[in-house]
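I opened the model to look up one of its pockets, a helix and the nonpolar cores, and kept these notes as I went.

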Amino acid sequence: MESIETLPNGLRLLQDDAFFKLGQDSVLLSAFARPRRFARVLDLGAGTGALTLLCWREDLRMTGLELQAGAAALFARSVADNQLSNVEVVTGDLRQVRTLFAHGSMDYVLCNPPYFKRSAGKISPLDAHALARADGEATIEDIAVAASYVLGSGGKCAMVFRPERLLTLMTALQRVRLTPKRLRFVHQTAEKPPSAVLVESRKGSNPDGLTVEPPLLVQDSTGALTEEYKAIYHLA
């Protein structure tokens with residue numbers, strides 16, 4: 001069943017129950033990512049386009065790459081509905097990125113990658129939702145390779161991931177010369193362990209100079225949403 005979600009930036013996102021829907025992690029990653037002005041931006045595994053649309057700016061040239069034709073079609077309809085002339089939707093497999101994009105053709109990569117291994121026991125049988133949550137089709141190593149290929153020297157990549165798999169992510173990134181430079185943990189409250197980690201890497205950078213930013217708290221000690229979290233969601 002289709003529905004329309006109005007994003008915090010005012011754009012309209014078409015969604016369908018058949019595909020993974022807009023979640024908190026995409027919203028938080030969009031607030032964390034910092035593409036430079038006039039950057040060429042690629043969203044790897046874009047789904048129905050939530051992350052691309054959340055990060056949309058008039059000065060950017062944006063492309064969303066999505067494996068599932070149905071999700072990509074919904075994404076393209078959202079682009080048309082919002083009359084966005086600077087967003088392109090490409091249907092294809094990121095593991096075949098060399099046949100889809102030129103080497104070094106992007107300045108910034110966005111990705112909300114699969115969190116769990118298929119063998120981890122936390123996912124349903126492989127369907128549209130499982131594809132979005134588990135590395136049944138593309139591993140985190142595949143994603144890192146694709147990001148590194150499309151980025152030029154000095155290009156950046158922003159991802160959101162699970163803290164318990166942070167070492168796996170950082171190892172995969174560093175193997176392809178994507179050096180983590182900014183890191184921020186997301187906590188539901190200050191007393192709870194992090195539920196997500198935001199990582200921005202730079203291609204070809206030296207390994208020193210990782211900045212660990214203050215944690216992003218969803219709720220304060222009273223259980224109320226924090227002012228920062230409300231600002232990200234444009235809540236009063």
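A pocket here is an open set of points on a 1 Å grid over the protein atoms alone, where a 1.4 Å probe fits, with protein on both sides within 12 Å along at least five of seven lines, and lining residues have an atom within 4 Å of a point. Helices (H or I, at least four residues) and strands (E, at least two) are DSSP runs numbered from the N terminus.

I note that this is a predicted model, in which local features need pLDDT of at least 70 and side-chain atom pairs count only at pLDDT 80 or more, while totals for chains, interfaces and linings use all residues. Residues are numbered from 1 along each chain as its sequence is written, and side-chain values use heavy atoms, with hydrogens and water left out.

The second largest pocket holds about 190 Å³ of space, a volume being the space filled by probe spheres set on grid points that are joined across faces, edges and corners. Of its 13 lining residues, Asn-9, Ser-30, Ala-31, Leu-54 and Cys-55 are the closest to the centre. I sorted the lining by class and got nine nonpolar, three polar and one charged residues.

I then turned to helix α5 (residues 140–150), which is largely enclosed by the rest of the structure because eight of its 11 residues are buried, that is, under 20% relative accessible area with a 1.4 Å probe, protein chains only. Among these buried residues are Ile-140, Ile-143, Tyr-149 and Val-150. I found the buried residues of α5 packed against strands including β3 (40–44), β6 (106–111) and β7 (151–161), and also against α6 (166–175).

Next I looked up the largest nonpolar core, which has 33 residues, with Leu-29, Val-41, Leu-53, Met-62, Leu-110 and Val-186 making the most contacts inside it. Such a core is a set of buried Ala, Val, Leu, Ile, Met, Phe, Trp, Tyr and Cys residues joined through side-chain atoms within 4.5 Å. The elements giving two or more residues to this core include α1, α3 (69–81) and β9. A second, separate core of 32 residues includes Phe-101, Ile-143, Ala-146 and Leu-178.

Leaving aside neighbours within four places in sequence, I found Met-62 in contact (heavy atoms within 4.5 Å) with residues including Val-41, Trp-56, Val-87 and Leu-110.

For the whole chain, I noted seven helices and 11 strands, and buried residues making up 51% of the 236 residues.

Conventions. Nonpolar A, V, L, I, M, F, W, Y, C, P; charged D, E, K, R; others polar. Buried < 20%, exposed > 50% of the residue type's maximum accessible area, 1.4 Å probe, protein only.
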